[in-house]
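Me: I have a structure open and would like to learn how to read its features. Could you walk me through a few of them?

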Amino acid sequence: MTDGRGAPFFSYSHYKADDNGRVDVNTMESLGGSYKGLFPMGPIASLSPMLQKHKNTRFFKRDVKPNLVTLSAFKGHLSHDELLDENRREPLSTTSHTRHYMAPGVQRIPVHYGSVRGCLFLPPGNGPFPGVIDLFGVAGGLLEYRSAQLASRGIVSFALAYFGYDDLPKTFEELNISYFEEAVQFLLEHEKVVKPNLGVLGVSKGADLALSMATFIPEVTAVVSINGCISSVVSKLNLHNGAIPGLEFDTARVEIKNGVMDSYEAMNNPLDYPETIIPIEKANVDFLFLVSRGDRNWKSEMYADIAVERLEKAGRKNYKVHKYPGAGHHIEPPFFPFCQASYHRSAGRNVLWGGKLRPHLEAEVHAWEATLGFFRKHLLNSGVHKGKL
């Protein structure tokens with residue numbers, strides 16, 4: 001299988017066929033290869049870069065075009081190098097598997113609305129459906145695949161770009177809350193969206209933007225933060241009355257290990273720069289914090305703990321936290337190929353994301369179901385406008 005940039009990914013596993021020559025990954029254990037043990041989704045979830053030149057390449061997907069996976073069975077248990085040898089034996093059998101990101105009937109609609117840019121995904125049917133704005137981190141541009149999967153499960157999802165796309169600014173050092181207000185206005189105008197409230201889903205930098213939207217935009221009443229920070233990271237966020245300065249990082253605290261940057265200690269502590277902290281305790285919003293304990297990009301668990309402490313101190317009980325031991329920074333929809341390290345746009349080099357294969361993928365399954373359940377509960381049943389304090 002190849003990613004959006006044409007890098008080939010592959011996985012291999014060793015099974016012992018039954019007396020009829022069959023392998024059932026649902027009941028049989030892999031004896032070796034990219035993974036061991038009972039792992040039905042192992043052939044997909046353990047996909048990694050095939051070639052050494054693509055080492056530390058994250059499976060990157062911006063669009064919603066299906067991916068074609070070729071599955072081949074070989075006699076004997078071949079090693080990684082034997083499988084890549086151009087003189088290897090021919091497979092006993094080969095077939096293909098198409099992985100779709102968008103269910104039949106889902107509509108994909110590019111959005112140019114005022115200054116707002118992105119792509120809207122509508123579930124089939126008349127609705128109305130919960131409405132969610134979907135934000136990623138500093139990869140920039142527009143990533144659509146998660147919104148397509150949300151819409152495939154009955155949620156109107158607006159994949160929102162906020163820099164590095166179309167005529168938007170090229171960088172994210174300075175952002176304006178008015179841009180995100182305009183995106184909320186656009187989504188709430190759609191006839192298929194449940195009124196009067198919306199949710200926001202954000203990961204990494206997108207997560208602190210989600211927290212800011214919850215705090216300063218009254219119509220946002222449900223937020224899922226995936227490995228985000230309680231401060232506005234790097235970006236200055238301009239408000240209608242004032243601004244939140246960006247929390248900076250110190251490159252002197254970066255470690256380089258085997259050519260990969262470990263930035264875990266690099267970000268400044270939000271508690272030392274309280275002016276950068278997003279005052280989420282002022283928002284009458286339901287929060288779901290999804291936190292990877294194996295995150296090496298930054299201290300996601302500490303940031304979530306600070307957020308909870310602020311909510312508790314304000315007498316708030318409007319939050320839930322799930323912490324995942326062994327999971328890395330990029331919590332994707334289930335069974336996205338696991339990536340422990342890859343190129344980071346802001347750092348300009350390969351960065352360690354952390355995590356281990358099996359616990360990370362188990363976290364993705366739980367986090368996805370928790371996210372879907374959270375939005376359905378808090379947006380379908382919202383009833384009245386909650387507003388802000």
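Reply: Happy to, and we will take strands, aromatic rings and a helix in turn. Keep in mind that this is a predicted model.

Me: Let's begin with a strand. How many residues of strand β7 are buried?

Reply: Burial is read from relative accessible area, with under 20% counting as buried. In β7 (residues 131-135), 5 of the 5 residues are buried, so the strand is largely enclosed by the rest of the structure. Gly-131, Ile-133 and Leu-135 point one way, while Val-132 and Asp-134 point the other way.

Me: Which strands pair with β7, and in what sense?

Reply: Strand pairing is read from bridges between residues. β7 pairs with β8 (residues 156-161) in the parallel sense over 4 bridges, and Asp-134 has Ala-159 as its bridge partner there. β7 also pairs in the parallel sense with β10 (residues 198-203), over 4 bridges; in β10, Leu-135 is partnered by Gly-202.

Me: What kind of unit do β7, α3 and β8 make?

Reply: Together they form a right-handed β-α-β unit.

Me: Now the aromatic rings. How many aromatic pairs does the structure hold?

Reply: For each pair, look at the distance between ring centres and the angle between planes. The structure holds 16 aromatic pairs. Phe-59 and Phe-336 make an edge-to-face one, at 5.9 Å centre to centre with 75° between the planes. Phe-59 is in the loop between β2 and β3 and Phe-336 in the loop between β17 and β18, so this pair ties together parts that are 277 residues apart in sequence.

Me: Is Phe-336 buried or exposed?

Reply: Phe-336 is buried, at a relative accessible area of 5%, and Phe-59 is buried too, at 2%. Phe-336 also pairs with Tyr-145: the centres are 4.7 Å apart and the planes at 25°, so this pair is stacked. Tyr-145 belongs to helix α3 (residues 145-151), 191 residues from Phe-336, and counts as buried at 1% relative accessibility.

Me: Which residues do the ring pairs link into a cluster?

Reply: The cluster consists of Phe-9, Phe-59, Tyr-101, Phe-136, Tyr-145 and Phe-336. Rings can also have a charge over them: the charged end of Arg-146 sits over the ring of Phe-136, 4.0 Å from its centre. Likewise, the charged end of Arg-358 sits over the ring of Phe-39, 4.1 Å from that ring's centre.

Me: Last, the helix α5. How many of its residues are buried?

Reply: Check both length and cover. Helix α5 (residues 205-216) reaches 17 Å from its first C-alpha to its last, close to the 16 Å expected. Of its 12 residues, 11 are buried, among them Asp-208, Leu-211 and Met-213.

Conventions: Residues numbered from 1 in each chain as written. Predicted model: local features only at pLDDT ≥ 70, side-chain atom pairs only at ≥ 80, totals over all residues. Heavy atoms only, no water. Helix = DSSP H or I, 4+ residues; strand = E, 2+ residues; numbered from the N terminus. Expected span 1.5 Å × (residues − 1). Buried < 20%, exposed > 50% of the residue type's maximum accessible area, 1.4 Å probe, protein only. Phe/Tyr/Trp six-rings, centres within 6.5 Å; stacked < 30°, edge-to-face > 60°. Lys NZ or Arg CZ within 6 Å of the ring centre and 35° of its normal. Pairing = 2+ DSSP bridges. Right-handed = clockwise from strand over helix to strand, strands pointing away.
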